[in-house]
Structures are given as structure tokens and as C-alpha cells.
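Colleague: I have a model open and would like to learn how to read it. Can you take me through its features?

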Amino acid sequence: MSRILRRETHSSRAGASVIAAVLVIVLCVYALLEAGVRAIGQPPWLIDPTTAAERIIALPEGISPLLLGASGAVIAMVGLFFLLHAVLPGRRARHLLRDPRTAVVVDDEVLASALARRARTAANVTQEQVMVVVSRQLVVVNVRPTSGSRVSEEAVLTAVQAELEEMSPLPMPAVRVNLASSGVIGA
């Protein structure tokens, strides 16, 4: 069960692995073909392997600095892409809910919708006046009160925390409530 839950809450690295493998395979096949063409005495398709090795050793001679810098930037970006894919946790925007009988995985947007509904009723405002953002460690509730009426930040915070306690997501995020200084007219 824990393996299934991990698979649902973390993104797969298969796509980046396939891309890296295809790039390495294409490069190796090309090098093999060039070496084979050279071995039978035919002219190279693109560049002779020994000529390519000599040019790489002689860098930066013979190449304009602009082209060298651009190719270096592209190679650095590709390397950074693969490095970040390997190092970063790759978590999906999902939380687990505690249930003794089944495994429940809930998208963060669903949590945000439920928390916005609870915050809206606690603040006595309309749907457009509440926006909730759920991340792994934090829930941010933004409330724009109606002009002329007071909204208790503590009441909204208590209501949202009570809703979170009922749902009991893993990991349990902290709650922060932001009340806008300007209100909405005629809600």
C-alpha cells in the first residue's frame, strides 16, 4: 500500500530517463557508424572521429566565441535539466488523508476548494471574495471582506484549522490567513 501511495504522490522520473537514454544511444550509434565507415575506408558521413577528437582537444580554436558560448549554454541547460530532475523531490500537488480501511489521495485543488468553502462561511462573504492556496507545508487563505463589515481573522483561522483537522491530511500544513485592507462593494 505504501508503494502505491508513494507512486501517486511523487512524479515519475521515467520521462527524463528515457530522454537521456535516447540521447546516449543516438550518440553511441552515430559514433559506431562513423567508426565503421572509417574502418572500411569510406568517407565519413558528417565528421571523421579523429578529426572530431582533434577539434575538441583544440577548443576554442577555430570556433567563434559566440557559437562556443551558445553551445556551452545549451549544454549547461540540458545538464541542469537532468540534474534538477535527479535531485529535486518531484512531489505532486497531492495530500494523503488518513483512513484506516483505504488509501485516500486528494489533489491540493480539492483541499483548497473545501477550505475556501469553510472560510467563506466563517467570514460570511461570497465565493469570489475568498481564495485559498494549498501547498505541501502551508495553506494561505486570502479574504477580501465586504465594505463596511468586519471579518474576524481568528474566526476564519479557527474554521479552516477545524476543517483541516477533520480531513487530517498528511503532511498537515500550517494555516495563514490574509485579510485584505480594502473591501468589496455591495457583496
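Modeller: We will go through salt bridges, the pocket, a surface patch and some backbone details.

Modeller: This is a predicted model, where local features need pLDDT of at least 70, side-chain atom pairs count only at pLDDT 80 or more, and totals for chains, interfaces and linings use all residues. Residues are numbered from 1 along each chain as its sequence is written, and side-chain values use heavy atoms, with hydrogens and water left out.

Colleague: How many salt bridges does a search of the whole structure find?

Modeller: A salt bridge is a side-chain nitrogen of Lys or Arg within 4 Å of a carboxyl oxygen of Asp or Glu. The search finds three. Glu 163 pairs with Arg 118, the closest N and O atoms being 2.6 Å apart. That pair links distant parts of the chain, with Glu 163 in helix α6 and Arg 118 in helix α5, 45 residues apart. Helices (H or I, at least four residues) and strands (E, at least two) are DSSP runs, numbered from the N terminus.

Colleague: Which other partner does Arg 118 meet in a salt bridge?

Modeller: Glu 166, at 3.3 Å, N to O. Shared partners join Arg 118, Glu 163 and Glu 166 into one network.

Colleague: Is Glu 163 buried or exposed?

Modeller: Buried means under 20% relative accessible area, exposed over 50%, partly exposed in between (1.4 Å probe, protein chains only). Glu 163 is buried because its relative accessible area is 8%. Glu 166 has 57%, so it is exposed. Arg 118, at 22%, counts as partly exposed.

Colleague: Where do Arg 38 and Asp 48 sit?

Modeller: Their side chains meet in a salt bridge at 3.9 Å, N to O. Arg 38 is in helix α2 and Asp 48 in the loop between α2 and α3, ten residues apart. Asp 48 counts as buried, at 17% relative accessibility, whereas Arg 38 is partly exposed at 43%.

Colleague: Now the largest pocket. What is its volume?

Modeller: Rolling a probe the size of a water molecule over the atoms shows where empty space is left. A pocket is an open set of points on a 1 Å grid over the protein atoms alone, where a 1.4 Å probe fits, with protein on both sides within 12 Å along at least five of seven lines; lining residues have an atom within 4 Å of a point. The volume here is about 370 Å³, counted as the space filled by probe spheres set on the points.

Colleague: Which residues lie nearest its centre?

Modeller: Ile 47, Ala 52, Arg 55, Ile 56 and Leu 59, out of 15 lining residues. Helices α2 (14-39), α3 (49-57) and α4 each supply at least two residues of the lining.

Colleague: Which residues make the nonpolar surface patch?

Modeller: Patch residues have over 30% relative accessible area and no salt bridge; nonpolar side chains (Val, Leu, Ile, Met, Phe, Trp, Tyr) are joined within 5 Å. This patch covers about 580 Å², made by Met 77, Leu 80, Leu 83, Leu 84, Val 87 and Leu 88. Leu 88 is in the loop between α4 (65-87) and β1 (94-97).

Colleague: What should I check in the backbone?

Modeller: Look for cis peptide bonds. Leu 59 to Pro 60 is cis, with omega near 5°, and Pro 60 lies in the loop between α3 and α4. Leu 170 to Pro 171 is also cis, with omega near -10°.

Colleague: What is the phi of Asn 124?

Modeller: About 60°, positive although Asn 124 is not a glycine. Ser 168 also has a positive phi, near 45°.

Conventions: Patches are made of residues with over 30% relative accessible area and no salt bridge: like charges are joined within 9 Å, nonpolar side chains (Val, Leu, Ile, Met, Phe, Trp, Tyr) within 5 Å. Accessible areas come from the Shrake-Rupley method with a 1.4 Å probe; for residues, only the protein chains shown count as cover.
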